[in-house]
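Open the structure in your viewer and keep the selection tool ready. This tour goes stop by stop.

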Amino acid sequence: MSLLPELRYPTVAETVSSARALAVQRPGACTLRQVGSSRAGRPLYLLSVGRARRAVLVVAGAHANEPTGARTSLSVAERVLAERELRDGVSWHFLLCADPDGASLHMAPSPRSLFDYHLGFFRPAGPEQPEWAPSLLPPDRLPPETRALTRVIDELRPYLQVSLHGTDLGGSWVQLTRDVPGLAEPFAKSAAELHIPVETGASDAAGWPATGPGVHVMPAPEVRPAYPSLPDDARHSTWYHAHRYGGLTAVVEVPMWASDLVDDPAPHPAPAAAIRRLAHRLLRDTREVRQVFEDALPRLEGVDGPLLRAARWGMDLVPGLAADLIHTPPADGTRAYVGSVDAFVRRVPLRVAAMLRRVLEQTDEDAAARLERLVATWSDAFAVRFRARWVPLENQVEHQSRTVVAAALHARDTEP
């Protein structure tokens, strides 16, 4: 029986409390310890099950707006405790929240709609994200959350690191830094049983080779990225830190709302033209947000903070991203890929508007109201266009948990 609330995403404090209860119930098998602190001084906790040298590390909460991973971590820990064969020769370790500061700013524990979700939305600027910071900052400027995560990897030397991610609307997919033979079959079976679409053309993995529907393997370093203007590079993220010890990373994505539009492998009749139209819409929508921002600038003098930095970061990415979409041939010609790009370019200005609205609530009520109207209109249009349907939270957690366990078993069997 799960120790977490059933109807909403848990807070970091609730997750830690549940982990502490597990450690008290099973003192011979579980330990809970602090492995670092955030920029604001919040503790980072690691729950460990077993003491074997061969290790699996599961990282939750790397992105504040992707809350499913906390419940998944506890679900997998409970399963490992219940199934002795999962502990044979392997220890399991769960970083319960990689970014507790970010989690404190994303305020949507039980969203009823995409509008509710975006009213409390937060996702940090790239250099402030624990996993992505090493690809954007020099080593001496890395945030303490990143340093804590890499210390844990250095200590455990995991043969598999699993990073638990999620998407607001779309399907499920897996990104691997090295192939895990056999993973595609249990991943697809789980998604089908739980009625979760597989995002076969995920824009996050555009141009990556696939070993099965929705299972993507990082391409060779010389392969040109699909979006060359984006400054972050997965090859320099903490995902690759496990490679120095012979390990690999699996990134498991699961949607909050599902859409079958991202699970259609049929060829699109005109993918390049469709993506160019999406790029122009991205520019148009972002101009609308930027106009509100520029009108409000006199009321923002002296204002700083993670919400404003994240909104500026998002706006600044748009010109280069739009140029990539217009001038770079599509990495994939399927309807699924065009649908995934459509969702991607809707998210960027929507998220910027949502975070700016929260900033301007304190300084410019009229500007905040203008942005709230945009957030409402764009959230509704997003849901309608993609025929969004809620994925029950227990299904999100179950699918992510099954995929974590399958990745651990298959990676163990093929470990070099």
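A cavity is a set of grid points where a 1.4 Å probe fits but cannot get out, and a residue lines it when one of its atoms is within 4 Å of a point. Keep in mind throughout that this is a predicted model.

**Stop 1: the largest cavity**

The space inside the largest cavity is about 60 Å³. How many cavities of 30 Å³ or more does the structure hold? There are two.

**Stop 2: the second largest pocket**

Next, select P10, T11, V12, A103 and S104. Of the 27 residues lining the second largest pocket, these are the closest to its centre. The second largest pocket holds about 470 Å³ of space.

Now colour the elements around the second largest pocket. Helices α1 (12-25), α2 (68-82) and α4 (100-105) each supply at least two lining residues, and so does strand β2 (43-49). Which element gives the largest share of that lining? It is α1, with four residues.

**Stop 3: helix α11**

Move to residues 365-385, which form helix α11. Helix α11 has 21 residues. From its first C-alpha to its last, α11 reaches 30 Å, close to the 30 Å expected at 1.5 Å a residue.

Select A367, A368, L371, L374, V375, W378, S379 and F382. Are these residues of α11 buried or exposed? They are buried. They cover an arc of only 130 degrees around the axis, so they sit on the same side of α11.

Turn to the other side of α11 and pick E365, D366, R373, T377 and V384. Those residues are exposed.

What covers the buried residues of α11? The cover includes α5 (114-119), β5 (160-170), α8 (271-296) and α10 (335-360).

Step past the end of the helix. R387 follows α11, and its phi is positive, near 50 degrees.

**Stop 4**

Finish with C30 and C97. The structure holds zero disulfides. For C30, the nearest cysteine sulfur is that of C97, 19 Å away. A disulfide needs two cysteine sulfur atoms within 2.5 Å. C97 is likewise in no disulfide, and its nearest cysteine sulfur is that of C30.

Check the surroundings of each. C30 is buried, with a relative accessible area of 3%. C97 also counts as buried, at 9% relative accessibility.

Notes: Residues are numbered from 1 along each chain as its sequence is written. This is a predicted model: local features need pLDDT of at least 70, side-chain atom pairs count only at pLDDT 80 or more; totals for chains, interfaces and linings use all residues. Side-chain values use heavy atoms; hydrogens and water are left out. The expected span of a helix is 1.5 Å times one less than its number of residues. Buried means under 20% relative accessible area, exposed over 50%, partly exposed in between (1.4 Å probe, protein chains only). The arc is that of the directions from the helix axis to the C-beta atoms. Contact means heavy atoms within 4.5 Å. On a 1 Å grid over the protein atoms alone, a cavity is a set of points where a 1.4 Å probe fits but cannot get out, and a pocket is an open set with protein on both sides within 12 Å along at least five of seven lines; lining residues have an atom within 4 Å of a point. Grid points are joined across faces, edges and corners, and a volume is the space filled by probe spheres set on the points.
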